[in-house]
Amino acid sequence: MKIILRIVAFSFALVYLAGCSDFLDKDVLGYSTEENFFDTQYKLQTALNGVYDVLQSDMFNQCDWRFGEATADDVWGNDEGMGRSMGELVQFRFKTSNEWIRNRYEINYEGVHRANQVIANAHKVKLAIYDEPSIRGIREILGQAKFLRALFYFNLVKTYGGVPIRPETETMSKLIVPRSTAAEVYAYIEKDLREAAVMLPAIFTDANAGKAGEGAAVALLMKVLMYQATPGERSEKWEEMMRLGEFFVDGKPMNYGEILKFNTYQEEWNDFRLRLWLDHKEWKAEEKEKSSLTTTLRELSTTYSLAYVSVNNRQLNDYGATNAYVAQFYLPGEFCRGSIFEITFNESKDGTGGDLNEGDAIYTALFPNNDIYGAKPMYTREDIVSSLFRGDPRVLTIQAHMAILPDGEMAQLVPGLLFPLKWYTPLKEMPQYGGDNGKNRRLIRFAEVILMYAEALNECGEGARAMEQVNKNRAQANTINGSGTLYVAGGYGYQRDQIWQERRAELAFEWDRFFDLVRQKRAAEVIKAFGLARDNKRGFYFRKGVNEIFPIPQTEIDISNGVIKQNPGY
Amino acid sequence: MKLIKLLQATGIALFVISCEKEVAETPVASITINKTEFTINETMEINFTGVADQVTVFPGDNMQNYDLREQSNTGLVVNKKLFTYAYAVPGVFKVVCVASTHTENAAELKYDTCSVTVTVTDDVTEINRISCPQVRYDEVFAEKMADDNWLMILPRRIKLGTSTPAINIARQRLRFYIPSDSTKVSIDGKSYSNTQNYDLSVPLDILVKSNAGTERPYKLYTVNYAEFASFKLLGATGTLVRNEYDYSTFVMEVTLPTGTDVSNAVPEFTTTAPTEKVYIGDKEQTSGTSAVDFTKDVIYRLVSTSADNPAMQAESTVSVKIRHQ
């Protein structure tokens with residue numbers, strides 16, 4: 001008993017002595033807190049890098065090719081059995097607890113969350129000098145965060161329909177947010193992109209190449225409008241798209257008030273300028289840049305080009321003139337005149353450790369050269385290629401086993417299967433280490449802007465102008481082999497089909513086919529027909545009116561205790 | 001010593017507690033369902049209210065039929081007591097809920113089941129759109145009019161490159177955009193086929209029948225855009241120029257000697273059908289009678305009307321372009 005008493009007494013003494021120390025009460029110096037983390041431009045830039053990091057993550061890109069390409073009719077997959085989550089997904093016979101459906105949801109919300117951190121905290125930045133370059137620096141960081149947030153929400157809304165719009169500042173009392181409607185989410189995305197367009201320079205170049213500029217914001221805004229419009233139904237969305245195309249492609253001036261639709265704002269212009277760092281209270285009046293609603297947007301029509309040339313207008317002939325088209329997707333074509341926004345992957349300079357800025361070898365896996373027994377996650381086939389290209393010169397970008405690749409290498413692919421050169425990485429551009437991704441992913445290209453513009457023109461009854469745009473893109477593609485075939489003028493439906501054909505050929509294998517079919521309102525028709533012709537019926541189980549959007553992940557429904565409602569049909 | 005006794009007592013207590021799980025709890029299968037009659041793709045919500053370690057639901061449709069569980073049919077696992085589902089095909093389905101409990105390592109398994117019968121109906125009779133999908137390479141959509149009437153307007157000819165092929169109104173395919181694949185369409189009493197050519201020169205009676213048996217009649221009228229079959233101005237014959245993109249817009253080119261006075265000219269014209277009316281603005285024009293001032297831009301408005309229903313009209317415009325030489 002004495003021993004027990006002694007132990008108890010000793011323990012009390014120990015606790016008492018420790019409690020006397022006041023080291024717990026001292027301020028910790030040198031650490032970041034919520035208050036000071038965002039107080040300089042450098043720190044805000046660090047937070048923005050964290051947003052770009054989501055784009056570079058394996059998961060983001062893995063989800064993009066799975067949903068955008070593997071579910072549609074341009075490829076066959078190697079993982080289409082019903083025993084795995086991927087097979088269930090592409091067969092449209094999944095449960096709401098499918099892991100890829102959850103993964104895509106989570107990774108895009110990760111991006112939203114990180115972008116929200118930048119946007120909500122930008123006002124905490126204190127500058128040493130409040131002059132134009134310093135204020136512009138913050139404005140551009142904020143503008144990029146808005147673009148990226150819009151990109152993540154766009155991925156979410158086109159995949160799941162209306163999703164919860166997270167508050168910019170998260171609080172413990174409001175962790176569960178009900179879903180907004182798809183229209184509300186689209187309005188939120190549009191607002192971000194409109195504001196980003198007035199905040200960003202036309203393009204970032206040199207050391208800053210890869211950052212999203214005004215071109216990326218306007219191009220994505222056009223796409224977001226297109227996804228809200230219905231082919232064959234004249235609407236404001238088509239008309240605004242056409243107007244944006246006139247600005248982007250034809251150089252018809254557009255001012256801040258017009259792109260912002262500022263007449264719909266509840267905010268005063270001066271408050272708006274302060275919020276977006278177009279102005280600052282500390283900025284001396286005599287140095288101020290006087291932007292107003294009539295300020296003209298920075299010109300884009302001369303910034304980008306359909307020609308296969310670098311940013312310095314050098315021909316992309318590094319792999320020969322006939323390979324200039326695919327060179328757009330290789331190292332010489334990074335940030336070329338036809339590329340508006342890319343996900344940047346950089347090989348570590350020393351190749352050791354620090355692989356912070358790289359994805360995994362997604363493209364190497366998708367184009368398994370020198371690995372004839374490789375995993376080949378997706379591939380295409382002769383019958384698909386012939387219906388996809390229909391004699392178009394871009395068919396030359398499809399390669400089979402034993403073909404000579406653009407860099408002179410011999411293709412050692414799985415015999416009998418076809419692979420697009422857009423996925424290939426030339427040998428000398430391959431990353432030094434196996435798990436790295438050596439080339440950037442093109443996310444928005446000028447060719448798509450041209451084709452979106454053409455489609456909007458056709459929908460607005462401007463057939464002749466639509467034909468001019470679509471043939472402009474086709475004529476550029478004809479330079480691959482000197483073909484002279486162009487599209488023929490015709491009525492609305494004929495033109496629409498030709499524009500969609502040109503979109504399919506130009507943007508093939510860029511992981512967007514499924515969503516394009518959905519927004520064209522013909523996903524069920526095309527994917528079911530594709531599935532019917534296959535032994536494993538992949539695609540035949542697509543349910544019209546349901547599978548155009550995927551279910552909200554079951555975990556989200558569960559943890560919200562029913563606040564988050566499931567999509568109809570799931 | 002007391003400490004040792006205390007430890008012994010705790011050990012026995014833990015042992016007894018662990019032994020308790022040797023017998024599985026009795027499962028109770030019990031569910032609530034939001035309703036028992038659904039339409040296609042409508043969400044069914046089932047809440048599990050019983051007792052179980054695991055809950056599975058067999059919705060009863062293809063490959064998920066409880067009665068065929070020995071033939072590879074499977075159920076779906078229920079998470080957090082909430083299960084949502086929707087049927088893709090109409091029918092009557094037996095939804096079976098299986099509640100199970102088990103001991104460690106599933107040495108003992110107990111089941112309980114309950115079921116509910118749901119009816120899924122498909123009653124779609126709405127036509128979203130009707131089109132002629134092969135007007136040469138174009139797809140031309142009909143316009144939705146009042147009282148379930150549809151109006152298709154076709155060109156007589158189209159401009160395709162350098163040629164102007166005729167469009168045969170009596171031999172056109174049709175395409176129906178209907179939200180349900182189970183809905184059946186018949187035309188003039190015969191089953192619709194997407195590869196059959198239909199004579200659109202007469203109105204078609206379209207009957208749409210849903211899977212549930214509801215019938216809804218529609219009528220499709222077709223008219224051509226009116227055109228000038230001939231046009232003469234002060235002795236000169238005009239040439240009709242078509243628009244590749246818009247079948248309702250034409251240009252009439254007339255070449256006259258330089259200096260000809262066209263301020264009060266009386267054109268002579270015929271239209272492609274006698275029922276077609278010609279206007280400038282709202283004023284009807286008569287061939288060989290109505291004088292027009294061609295020094296200004298002149299746009300004729302031509303209106304064609306269905307012989308079977310005067311509300312079915314198509315309007316085209318012809319702008320006159322005079323060249324002097």
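This is a predicted model: local features need pLDDT of at least 70, side-chain atom pairs count only at pLDDT 80 or more; totals for chains, interfaces and linings use all residues.

In the lining of the second largest pocket, E10 of chain B is the element that gives the most, with 4 residues.

Seen by domain, the lining draws at least three residues from domain 2 (129-224) of chain B and at least three from domain 3 (228-324) of chain B.

How many residues line the second largest pocket, and which lie nearest its centre? There are 35 of them, and those nearest the centre are Tyr492(A), Val140(B), Phe141(B), Tyr225(B) and Asp246(B). The space in this pocket comes to about 880 Å³, and its lining residues divide into 13 nonpolar, 11 polar and 11 charged.

Let me turn to how the two chains meet. Here 30 residues of chain A are in contact with 25 residues of chain B, and the two chains bury about 2100 Å² between them, with 51% of that area on carbon and sulfur atoms. Of the area that chain A buries against chain B, Tyr494(A), Arg543(A) and Lys544(A) supply 22%, which is more than any other three residues. The count of salt bridges between chain A and chain B is 1, and Arg496(A) forms a salt bridge with Glu139(B), in which the closest N and O atoms are 2.7 Å apart.

Finally, a word on chain A by itself, for which the domain assignment gives domain 1 (41-200 + 264-287) and domain 2 (359-439). The centres of these two domains, taken over C-alpha atoms, are separated by 31 Å, and 13 residues of domain 1 of chain A are in contact with 14 residues of domain 2 of chain A. Between them the two domains bury about 1200 Å², 61% of it on carbon and sulfur atoms, and Trp65(A), Trp76(A) and Asn78(A) supply 50% of the area that domain 1 buries against domain 2, more than any other three residues. Between these two domains of chain A, the count of salt bridges is 0.

Terms used. Residues are numbered from 1 along each chain as its sequence is written. Chains are lettered from A and ligands numbered from 1 in the order in which they are written. Side-chain values use heavy atoms; hydrogens and water are left out. On a 1 Å grid over the protein atoms alone, a cavity is a set of points where a 1.4 Å probe fits but cannot get out, and a pocket is an open set with protein on both sides within 12 Å along at least five of seven lines; lining residues have an atom within 4 Å of a point. Grid points are joined across faces, edges and corners, and a volume is the space filled by probe spheres set on the points. Helices (H or I, at least four residues) and strands (E, at least two) are DSSP runs, numbered from the N terminus. Ala, Val, Leu, Ile, Met, Phe, Trp, Tyr, Cys and Pro count as nonpolar, Asp, Glu, Lys and Arg as charged, and the others, Gly among them, as polar. Domain bounds come from an automatic or database domain assignment. Contact means heavy atoms within 4.5 Å. Buried area is the accessible area (1.4 Å probe) that two parts lose on being put together, summed over both. A salt bridge is a side-chain nitrogen of Lys or Arg within 4 Å of a carboxyl oxygen of Asp or Glu.
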